[in-house]
Amino acid sequence: MRYLFILSSMFFFLSCSTKQKKEIIAEASCGQCKFELKSQNGCDLAIKIDDNAYFVEGANIDDFGDAHDEKIGFCNVVRKVKATGILENDKFIASSFEIVK
């Protein structure tokens with residue numbers, strides 16, 4: 001009985017501490033140029049979730065064309081994206097990230 005209690009407690013602890021990946025539709029752009037993030041230097045991809053902006057890991061700002069292109073570049077426009085990932089340590093860890101057309 002004691003072992004059953006220990007096993008069930010471990011299962012509960014592990015299931016509560018596992019972060020769930022979520023698919024979202026959100027705005028994405030350059031964190032520095034468009035979302036006014038200051039914690040990194042240079043131009044880096046960021047996503048806005050619930051009015052808060054987070055730098056993205058798992059996708060690069062130049063993966064979607066020239067970041068400084070006047071019409072589609074993330075340093076000049078905010079674009080709608082579909083992303084899957086988790087928020088961890090004030091960053092969005094992306095397992096998928098694509099532009100919504």
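**Close-ups of a predicted model**

**View 1. Glu36, a positive-phi residue in a loop.** Glu36 sits in the loop between strand E1 (22–30) and strand E2 (45–49); strands here are DSSP runs of at least two residues, labelled E and numbered from the N terminus. Its phi is near 55°, which is positive even though Glu36 is not a glycine. Glu36 is exposed, at 63% relative accessibility, where exposed means over 50% relative accessible area, buried under 20%, and partly exposed in between (1.4 Å probe, protein chains only). A quick note on ground rules: this is a predicted model, so local features need pLDDT of at least 70 and side-chain atom pairs count only at pLDDT 80 or more, while totals for chains, interfaces and linings use all residues. Residues are numbered from 1 along each chain as its sequence is written, and side-chain values use heavy atoms, with hydrogens and water left out.

**View 2. Asp51, another non-glycine with positive phi.** Move to the loop between E2 and E3 and you find Asp51. Phi of Asp51 is near 65°. With 72% relative accessibility, Asp51 counts as exposed.

**View 3. The Lys91–Glu57 salt bridge.** The count of salt bridges comes to one, taking a salt bridge as a side-chain nitrogen of Lys or Arg within 4 Å of a carboxyl oxygen of Asp or Glu. The partners are Lys91 and Glu57, with their closest N and O atoms 3.4 Å apart. This pair links distant parts of the chain, since Lys91 belongs to strand E5 (residues 91–99) and Glu57 to strand E3 (residues 52–57), 34 residues apart. Neither end is hidden away: Lys91 is partly exposed at 24% relative accessible area, and Glu57 is partly exposed at 37%.

**View 4. Three phenylalanines in one cluster.** Phe64, Phe74 and Phe97 make up one aromatic cluster. There are two aromatic pairs, counted when rings of Phe, Tyr and Trp (its six-membered ring) have centres within 6.5 Å; planes under 30 degrees apart are stacked, over 60 edge-to-face, and the rest tilted. Phe64 and Phe74 are edge-to-face because their centres lie 5.8 Å apart and their planes meet at 85°. Both residues of that pair are in the loop between E3 and strand E4 (79–88), ten residues apart. Phe97 counts as buried, at 12% relative accessibility.

**View 5. Arg79 over the Phe74 ring.** The charged end of Arg79 sits over the ring of Phe74, 5.8 Å from the ring centre. To qualify, NZ of Lys or CZ of Arg must be within 6 Å of the ring centre and within 35 degrees of the ring normal.

View 6. Leaving aside residues up to four places away in sequence, Val56 touches Leu45, Ala46, Ile47, Phe92, Ala94 and Phe97, with contact meaning heavy atoms within 4.5 Å.

Terms used: Helix = DSSP H or I, 4+ residues; strand = E, 2+ residues; numbered from the N terminus.
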